[in-house]
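Please look over the model below before reading on.

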Amino acid sequence: MTPLLKVENISKFYGHRIGCKDVNFDLYPGEVMGIVGESGSGKSTLLNCLAGHLDPDTGEVLFEMRDGAMRDTVTMSEPERRMLSRTDWAFVHQHARDGLRMNVSAGGNVGERLMAVGARHYGNIREEAVDWLGRVEISETRVDDRPTQFSGGMQQRLQIARNLVTGPRLVFMDEPTGGLDVSVQARLLDLLRGLVREMGLSAIIVTHDLAVVRLLADRLMVMKDSHVVETGLTDQVLDDPQHAYTQLLVSSVLQV
Amino acid sequence: MIEIKNLSKTFTLHNQGGVVIPVMDAAELSVARGECVALTGASGAGKSTLMRMIYGNYLAAAGSIVVDGVDVVTAEPREILALRREVLGYVSQFLRVVPRVPTLDVVAEPLLAVGVETEVARDRARDLLARLNIPERLWSLSPTSFSGGEQQRVNIARGFAHTYPAMLLDEPTASLDAANRETVLSLIEEAKARGAAIVGIFHDEAARERVCDREIDVAVFTPGVAA
Ligand SMILES: Nc1ncnc2c1ncn2[C@@H]1O[C@H](COP(=O)(O)OP(=O)(O)OP(=O)(O)O)[C@@H](O)[C@H]1O
Ligand SMILES: Nc1ncnc2c1ncn2[C@@H]1O[C@H](COP(=O)(O)OP(=O)(O)OP(=O)(O)O)[C@@H](O)[C@H]1O
Ligand SMILES: [Mg+2]
Ligand SMILES: [Mg+2]
């Protein structure tokens, strides 16, 4: 098997401040990788460099295109990158309002993504939108409501539907369950888990919640002060952490 | 099936002054198909630690642990996950439940993960839950709300759903009543009969005598104790 994503030496600086430094890893098809670490450790910076939202100062992000070729998404043209982010990538934001169009109906939010990749037949688009709303447990009767009329958990589920409707191969998530209460989180996680398995997605998920990574991630990457300090199989990193910071992180949580 | 050579393990407690605790040195173990080996030794001797290292849950300091041709010590996460899916089962002492998933699906999941058809997997799950005396009215509920004993039996059903060629059992009969204990022992005997290599921890001496072919006292691997 060849990697879907090869990340080599990614660094990002904000003036003198380091966003993230010398990050390397391979992600294989179907793998889910979690990124944990304290606030300000560079998680979002890294994720945004990988997803083409930020331009890294050093390094390459090689992505396996549908024809099997590995292409550096850092140096590819902006239109090519934009096309990838519509077809092959999905990005689930922490705040649903950053990932949704708040003045467009729920059905429209999902349908819009389909239209962006060329779907034209109104009936089919609506049908697919309703199908996806169902998969994220939003009733068909809410299809014409705007996201502003939804609860936080529903908005997040809508964002997931909007992102997955085009059948992406790689999903980036930045704190997808942040700000939701625990029972809503559990429901969302269960849903995400099912979708990731069913669709064979690869995903990179940034979170500060160790219970979330335990449930969703195959592998874990721990960041501190802009650097990766530890990586490994998720349960191994959580149960037998090697780095001082990871030990502190794990011991400061009651039970995961 | 399981071949352990020159295995050692230390814990470094960085947040307690960096104290280094050597817990295992030069451990050797070989388990053949159809064989069940019991790990024995006093509390704290390292039984669970050894078992967790075989599963890839604890990181070895040195040595090799080859399970069905894969060295767990050096394997990539995805290789270990594939090994756990196909080859190496682990019945831990506690069920780690995924919220909202019904018991029947919790038990069927390891089969679905290796591509068994849903109905076949569910039939096997029903059979195991019935053998372990989990009342049918509970099968559609999440085990989150079950009693400790019920959760443990669900855990065992899940662990025996797929016919793994190698299995790790951490106290599988602890706190079970006589009928359920008997069921678990028969499950172990059936697994051995179909050729599974098993490593088990049993405080229940009678159970150990009945299903295990050999005992390994892990104290001989404790640094400073072994010759
Ligand atoms: N636009 C920016 N301009 C300047 N510095 C920034 C900018 N964005 C992030 N940084 C800095 O880069 C470092 C990494 O920030 P980043 O947002 O990646 O952290 P994070 O791990 O995602 O934190 P959190 O868990 O709080 O979201 C921090 O020191 C932060 O202050
Ligand atoms: N994650 C860990 N971090 C630090 N030390 C650990 C960890 N896990 C185990 N140990 C230590 O390793 C040693 C062996 O423990 P282990 O749990 O393997 O013993 P055991 O033989 O299974 O005992 P018991 O019969 O009580 O279950 C003990 O000293 C224990 O404190
Ligand atoms: Mg962030
Ligand atoms: Mg133990």
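How many helices and strands are there in chain B? Chain B has seven helices and nine strands, where helices (H or I, at least four residues) and strands (E, at least two) are DSSP runs numbered from the N terminus. With a radius of gyration of 18 Å, close to the 17 Å that the globule rule gives for 227 residues, chain B is as compact as a globular protein of that length; the radius is taken over C-alpha atoms, and the rule is 2.2 Å times the number of residues to the power 0.38. This is a predicted model, in which local features need pLDDT of at least 70 and side-chain atom pairs count only at pLDDT 80 or more, while totals for chains, interfaces and linings use all residues. Residues are numbered from 1 along each chain as its sequence is written, chains are lettered from A and ligands numbered from 1 in the order in which they are written, and side-chain values use heavy atoms, with hydrogens and water left out.

Of the 227 residues of chain B, 48% count as buried, that is, under 20% relative accessible area with a 1.4 Å probe and protein chains only. Among contacts (heavy atoms within 4.5 Å) between residues of chain B at least 6 apart in sequence, 68% join residues at least 24 apart.

One open sheet of chain B has four strands in the order E2-E1-E4-E5, with antiparallel pairing, two strands being paired if DSSP finds at least two bridges between them. Strand E2 (19–31) and strand E5 (70–71) of chain B stand at the edges with a single partner strand each, so one side of each is left without a neighbour in the sheet. Further in, strand E1 (residues 2–13) of chain B pairs with strand E4 (residues 62–67) of chain B over five bridges in the antiparallel sense, and B:Glu3 stands opposite B:Val66 in E4(B).

Technical notes:
Buried means under 20% relative accessible area, exposed over 50%, partly exposed in between (1.4 Å probe, protein chains only).
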